[in-house]
Amino acid sequence: MSERRLSRRQALSGQVGLGLAGAAALAAPNVARAQSSRALAVVAMDGALEYSALLTRLAERVALVSRGTLRLEAAGANAPVQAVQTVANGNADAALGRPDTLMPLDPAFGLFSSVPFGLDPREFEAWVQHGGGQRDWDDLARAQGIKPVLVGDFGSTFGGWFQKPFIARDDIANMRIATEGLGAVAVEAAGAIPVVLDGGGIGASVSFGLTRDMGLGLSQAFPFLVTPSLFHPQRAIALQFNASLWDSLSEEERMILTTCCEAETEAMMTERLDLEMRAFGDLVRGGTQSAPISDALYAELAGLAHDALSERFAASPIGASIWLNYQDFLSKVSGWSEVGEGLFTVKRAAALGM
Amino acid sequence: MTKTPSKTSQPSTGRRRVLTGLALAPALAAPAVHAQSTRVLTLVTTWPRGLPGLAATPERFTNRINTMSGGTLKIDYFAAGEKMGAFDSFDAVRQGNGADMYHACEYYWQGRDRAYNFFTTVPFGLTAQEFSTWVERGGGQQLWDRLAANYNIKGFMCGNTGTQMGGWYAQPIRSLSDMRGIRIRIPGLAADIFRALGAEPVSLPGGQIPAALFSGEIDAVEWVGPYNDLEFGVHKVLRHYMYPGFHEPGTCAALGINLQTWNSLDAAQQAMIQAACAAENRTMLAEYSARSGAALNQMQVEYGTQVHRFADDVYNQVAEIVADIMSGLSSESPQTAEVVQSFTAFRAQMAPFARQMTGETVTRRAAYLRTRAEANQVFDDIVD
């Protein structure tokens, strides 16, 4: 962090407790508010444009709601682990990015962004807010000196882009498939070779979201879009605060930050769904062929992913515990999701001839 | 600035002092104490106090505002019946007489304008996230603003129950003729469906449902879903629970605020209300998503509730009735026609995508999990 920034933030900083004697003279029912002006430096966990736009919107909302007494200021970008360590060390106040990019610190961080064949965004929020997920997340993050708050989600993605329909597991044996996060564990368990997208020479790729796929050229390179969602049913984003800083915030400041983060999650989810829906229509009209995999192949891939993930999380004592909690919630929410939203969307499309 | 390499170290105390101004306090003479008057707004709801989900939402909303504002904006919250009757809240807010805001479902006001149905939910309509997307990105909010302005109100999404169950009946619904003659509590446009099928729909506030059910005034009920239906004890009277609901795929709870009151708020106060509504739109849905499965499980295991899936031909025939209802609505007024056109055009884009993304994913995953020992076995008891 530059000295110039510190100097500027010194000037921005207010003070608690000044002028109380004067304030006392103000007639009721006025509320005398001792307001500190606090600026929080936020470092992006990579340089993704989405993070920049998200942080801009969030900062504007926080500043408005707090009447300018609480501000989020962009403080550059860094590799995910380095960004979080910068925050934990107190050299920035928060890091913005996908929790699964922190898997080098503990594989269990992958459970808070995207799990193959796991929770979708709605279900993930249910787990975090009402199923014990936030407590697990806090415990995991506290060991790294950070406090996570959900602030967005890129949404669900389809299974991926292929040169031909994905009929059997043999179709991807030893195939280089572009993926990321825990998707790599599932891809490897299925017998393929997970690689990063810019590695070149791929035989297939998971979907990173249709709008992003189109920008990356995947929809031009591969004619078949394999459905339904497999490896990335969501991609959550969090704001990871310095844990001690978080503890020092007032109840009012914490409420402003959490409420604004939830509001931004709402804004991002609607934006992503709108864009993905339109991109899907464009792709279908442009000749992309939707290729659903069979129930049997879905079950086979899900089973292999489950076993591989269980083995991965067993290496982390806290990870093993959280993985059990995650699965327990998944099993409880899955039936309701099927009875409610899942079957409705299937039957609606059929009844409307879509 | 002290830099400590340990990843679990505390932040530099010195740096934190600098950033918050503590160390420089004596040098910063600018007063940080602001004297601001307290603006008090009265919030009334259509839900009985303590009802899980629906009533918890305005309670959390109130707490969010009262905490975020630091006392400069205060919400006084009253549940249904505490200050006025549930359905009196619309006129009270419209006239600014006794209430500034309500938390309710907009389809309760369909007697004023049938277009209000589209800002809660309509049969074969949109799921919760789809509805939010239409409102925020598909022009829905603008249409809602124009409609509500006719009544001096500004509306916001402030919660969603998610997809609802298809109602409680004395016998399973195997065909449309099974609905003939039943007296069912059901609000909104779904009432038109049941009326077309020869049933007698009744609109009652939620708090009056248990009494009507236990007294025999009604013989079938659509309320919300397992989470709320269990609370009301519907399962003690009716045994057969139908799914998936075709009538309310994503029921939005709204915050309506007197338009003059809204316009008189400053930018920060408006931003607080908007942020709290948006947050509650997610939190309420999360609550229903987390709790409904366990409640349904409990009904089946402890109380013998039988859960039945609507047959495809029932679903398809109801869809035809709904299409006729939509067509009729479009002829009621140009404004309603515009709402119907916007909504149905958005749904036409969404439905094929949602079927493959949400529908196929969720149903396959559930089938897979049922095969696993740790899966929730209660759903094996579902009768198709």
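Colleague: What makes residues 1-33 of chain B a stretch to handle with care?

Modeller: This is a predicted model. Over residues 1-33 of chain B, pLDDT stays under 50. The scale runs from 0 to 100 and gives the predictor's confidence in each residue. Where pLDDT is low, the predicted coordinates should not be read in detail. The model has 72 contacts beyond four places in sequence for residues 1-33 of chain B.

Colleague: Where else in chain B does pLDDT stay under 50?

Modeller: Over residues 374-384 of chain B. For that stretch the model has 31 contacts beyond four places in sequence.

Colleague: How do you know what confidence chain B has as a whole?

Modeller: Its mean pLDDT is 88, and 88% of its residues reach 70 or more. The model scores ipTM 0.90 and pTM 0.90.

Colleague: What share of chain B counts as buried?

Modeller: 63% of its 384 residues. Buried means under 20% relative accessible area. The accessible surface of chain B is about 13100 Å², with 48% belonging to carbon and sulfur atoms. Chain B has 12 helices and 12 strands.

Terms used. Residues are numbered from 1 along each chain as its sequence is written. Chains are lettered from A and ligands numbered from 1 in the order in which they are written. This is a predicted model: local features need pLDDT of at least 70, side-chain atom pairs count only at pLDDT 80 or more; totals for chains, interfaces and linings use all residues. Side-chain values use heavy atoms; hydrogens and water are left out. Helices (H or I, at least four residues) and strands (E, at least two) are DSSP runs, numbered from the N terminus. Buried means under 20% relative accessible area, exposed over 50%, partly exposed in between (1.4 Å probe, protein chains only). Accessible areas come from the Shrake-Rupley method with a 1.4 Å probe; for residues, only the protein chains shown count as cover. Contact means heavy atoms within 4.5 Å.
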